[in-house]
Amino acid sequence: MNIKLWYRTLDYYLIVPVIFLLAISFVLVHSASPVIAQRLSLPQDYFIRRHIIYIILSLVTLITFSFLNVKTIFNLSFAGFTLFIILMVAVIILGMEAKGAKRWLHIFKISIQPSEFMRPFFSVVIASILASRMKFRVHISIVVFLLIFALLLLQPDFSMSMLLTYSFVSQMLIACIPLLYFLCIAGIVTTGITTAYLCFPHIKQRVYNFLFFTQRDNFQVTKSLEAFKRGQLTGVGPGEGSVKTFLPDCHTDFVFSVLAEEFGLIMCLATLMLFGVISARLFYVAYRESELSNLLTILGISMQFITQFIINIGVTLSIFPTTGITLPLLSYGGSSLLSSSIAIGIMLSFSRNQAIALNIRERIALGRYIINQ
């Protein structure tokens, strides 16, 4: 690949906000993680050292995927999707249970969350199936979705199943699938959610606590709201916040609360603006895409990204029940960061290929103009 061509066609409206968010992530984890490390009897710099490695790996992953052409991305996505489906099955059998769920697999002393890595590949695979000319393409895509949905509920991972449902439904809508299929999917998903609610006590408790809010039963959300109040306009200052001493997940699920307390409303709005710029750019990339499979891929991944940050921030503000979902590009965690980087890298690849195709069309049009003259 020509480095100069890559540099000229890189979507800076997309990658620059991502780099800013990773920088903010470093600051937040550096502030919040020493308390968590001390609580777990680990060295104070334990989490930040690992987070630096995750950020570097994420940037390498993002850039690597941005170099790939569309065909390679589709081929790699099918391989990755198959691999992580196998690992999701392994999680249910061999995974360690934490907080009522089995989501993590330990391989050579490395913990990975297969469902996180499966997410971006899922959208690519579904897009490829829906855009194909196979006779039973809709039925196959629904079967694939239901397989993933069932594996997630068995873990259980309710929040991830919802993210993929939103992504899948949006892809089906763009593919102009008949209404009857949506009704079937809605019925199956509703049945799955109801079953999860009845069978898993921690899910039932979270929903109950959200509907009948009390400070005693919603300790994390209560402390999160207090952090927003203390932060006010400009925050209490880097490292001066107290919410991290109360919340065990302040560097992951509730990292936005740390941002609100230590840097205030202004920084929260700036961060939301960065997420907004990325979201708008993703929709613009989708708008100028002409290939159906590419369009469905972009839309599916975009819906995952947008839904994820809205739900995470909504939880910290008590708009949604607690879900255990991370804030993309900001929360601590290798699986989350690498998954988001794969998704953004795929988007950069599609954007680059659009820019190259546009440049070729402009040259052809210019050549025809010169000949006609």
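1. A residue is called buried when its relative accessible area is under 20%, exposed when that area is over 50%, and partly exposed in between. The model discussed here is a predicted one. With a relative accessible area of 16%, Lys-223 falls under the 20% limit and is therefore buried.

2. Lys-223 takes part in a salt bridge with Glu-226, and the closest N and O atoms of this pair are 3.5 Å apart. Both residues belong to helix 10 (residues 219-231), where a spacing of three residues places them about one turn of the helix apart. Glu-226 has a relative accessibility of 27%, so this residue counts as partly exposed.

3. Glu-226 also forms a salt bridge with Arg-230, with 3.9 Å between the closest N and O atoms. This pair likewise lies in helix 10, four residues apart, or about one turn of the helix. Arg-230 counts as partly exposed because its relative accessibility is 32%. A network of salt bridges links Lys-223, Glu-226, Arg-230 and Glu-261.

4. Arg-119 pairs with Glu-116, their closest N and O atoms being 2.9 Å apart. The two residues are separated by about one helical turn, because they stand three residues apart in helix 5 (residues 114-130). Arg-119 and Glu-116 are both buried. The count of salt bridges comes to seven.

5. With a relative accessible area of 68%, Ser-41 is exposed. Gln-232, also not a glycine, has a positive phi of about 50° and is placed in the loop between helix 10 and helix 11 (255-287). Its relative accessibility is 60%, so Gln-232 counts as exposed.

6. Which residues have the most contacts inside the largest nonpolar core? They are Phe-81, Met-118, Phe-122, Met-172, Ile-278 and Ile-346, in a core of 102 residues. Helix 11 supplies the largest share of this core, with 12 residues. Ile-278, when neighbours within four places in sequence are left aside, is in contact with Leu-14, Pro-17, Val-18, Leu-21, Phe-305, Leu-329 and Ile-344.

7. How do helix 11 and helix 12 (residues 292-316) run relative to each other, roughly parallel or roughly antiparallel? Their axes come within 11 Å and cross at roughly 165°. Angles over 145 degrees count as roughly antiparallel, and helix 11 and helix 12 are therefore roughly antiparallel to each other. The crossing of helix 11 past helix 12 is left-handed.

8. The residues that meet between these two helices may be traced in the model. On the helix 11 side they include Leu-272, Phe-275, Ile-278 and Leu-282. On the helix 12 side they include Leu-295, Ile-298, Phe-305 and Phe-309. Ile-278 and Phe-305 are in contact with each other, and Ile-278 is also one of the residues with the most contacts inside the largest nonpolar core.

Conventions
Residues numbered from 1 in each chain as written. Predicted model: local features only at pLDDT ≥ 70, side-chain atom pairs only at ≥ 80, totals over all residues. Heavy atoms only, no water. Salt bridge = Lys/Arg side-chain N within 4 Å of Asp/Glu carboxyl O. Buried < 20%, exposed > 50% of the residue type's maximum accessible area, 1.4 Å probe, protein only. Core = buried A, V, L, I, M, F, W, Y, C linked by side-chain atoms within 4.5 Å. Contact = heavy atoms within 4.5 Å. Axes fitted to C-alpha atoms, helices over the stretch in contact; angles between N-to-C directions. Parallel < 35°, antiparallel > 145°, perpendicular 65-115°, else oblique. Left-handed = near helix turned anticlockwise from the far one by under 90°.
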